[in-house]
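Please look over the sequence and the model below before reading on. The paragraphs after them are meant to be followed with the structure in view.

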Amino acid sequence: MGGGHMGKSIVGTGADKDGRPGGSSGPVTDPFDALPELAPLRTAAWDGDWAATQAFFAGIDSAEDVSFASGLLAHIGRAEWYLEKAAKALPADPLPRTLLAERYIRIGWEARGGARGEDVSRDQADLFHGWLRKAERLLIEVCAEEPAYAPAWTARLLTARGLELGQSEARRRYDRLSEHHPQDYRAQSQLLQQLCPKWGGSWEAAHGFAQKCTSAAPDGSHAGVLVAEAHIEHWGDLKGAEATEYLRNVSVRNDLRRAAQISVLHPDHRRGWYRIDGHSTFALAFSLGGHLGDAARHFAALGDTASESFWRYLPDWKSRFAQYRTAASATA
């Protein structure tokens, strides 16, 4: 798959360049629409209203959710204008600098595109790295001043990957974060990307990390989704019949079932902001493997919503989503 996977909080394909909703059919993919409690953050960004943005983040009670919302805000076009003013006006506050860095990272990734490294032009790469270096300078300051500030360390996993700083540096950053926040799902998902072969890792490292995070997490946590992410990435690296057979394998199916049962299907699972991502990822993995009965529970949980992050790996993914959902519902 393309090397530009940024993570889960993607404004849907029915949005214009500012992230404002446009006409679209199919599932609701814009997280701001799928999760209405997030709408005030989008409104604040459209209005360039720092006070409203600050108030929104002040109401979030976990570092993991701050990081989720940071990633979302980064997708709103031109948000850097008011975030730059806020960062200048509040030089001691880690939040505006971290949000601004996330926005710079997103601008850089958009300039790079989603291709593998060998297919990215020199001009694209230069733009990409320039924006990531701007972000990194902000994040280095924040992490030096606030070493337990997880959202900044999570963003630095993105810059480490984009700037190709290597496996050991990415691990170091993750370890610094996990000292204070050992169950930060977005950070885990970002490191998992780094551990895939397309970014210099290996399948042994990627699957091993996903299993380690899942084993260490309490039942009902989101960590089990990492198992599905690793299998989808592995499937995407294969060709033809080998790819088709990979997710059909009974051992992979059973691995996915166990991960789903102890995470998004567990009675203790909290219906938080990551729920759409989790069910979407499992729905994709089970559907590609032909395990439509397993996929049905995840499609049912999604209703008319979906996260496009991994589904984008399929051409014409919204049509494929509808086809798989219809086929899965017939098994229920």
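What follows goes from confidence in the model to aromatic pairs, and then to a helix and its surroundings.

This is a predicted model, in which local features need pLDDT of at least 70 and side-chain atom pairs count only at pLDDT 80 or more, while totals for chains, interfaces and linings use all residues. Residues are numbered from 1 along each chain as its sequence is written, and side-chain values use heavy atoms, with hydrogens and water left out. The pLDDT, which is the predictor's confidence in each residue from 0 to 100, has a mean of 92 over the protein chain, and 92% of the residues reach 70 or more. Over residues 7-24, however, the pLDDT is below 50, although this stretch has 56 contacts in the model beyond near neighbours in sequence, a contact being heavy atoms within 4.5 Å.

The structure holds 17 aromatic pairs, counted when rings of Phe, Tyr and Trp (its six-membered ring) have centres within 6.5 Å, with planes under 30 degrees apart called stacked, over 60 edge-to-face and the rest tilted. Phe-56 and Trp-273 are stacked, because their ring centres are 6.2 Å apart and their planes lie at 15°. This pair links distant parts of the chain, 217 residues apart, with Phe-56 in helix H3 (residues 50-58) and Trp-273 in the loop between helix H14 (250-261) and helix H15 (275-288); helices here are DSSP runs (H or I, at least four residues), numbered from the N terminus. Phe-56 is buried at 14% relative accessibility, and Trp-273 is buried at 13%, where buried means under 20% relative accessible area, exposed over 50% and partly exposed in between (1.4 Å probe, protein chains only).

Trp-109 and Phe-128 form an edge-to-face pair, 4.9 Å centre to centre with 80° between the planes. Trp-109 lies in helix H6 (residues 94-112) and Phe-128 in helix H7, so the pair ties together parts that are 19 residues apart in sequence.

Helix H7 (residues 122-145) also contains Glu-136, which is buried with a relative accessible area of 9%. The side chain of Glu-136 is joined to that of Arg-156 by a polar contact of 3.2 Å, meaning a pair of N or O atoms within 3.5 Å; within protein, one must be able to donate a hydrogen and the other to accept it, and residues adjacent in sequence count only if both atoms are side-chain atoms. Beyond its neighbours within four places in sequence, Glu-136 touches residues including Arg-173, which is one of the buried residues of H9.

Note on methods:
Helices (H or I, at least four residues) and strands (E, at least two) are DSSP runs, numbered from the N terminus.
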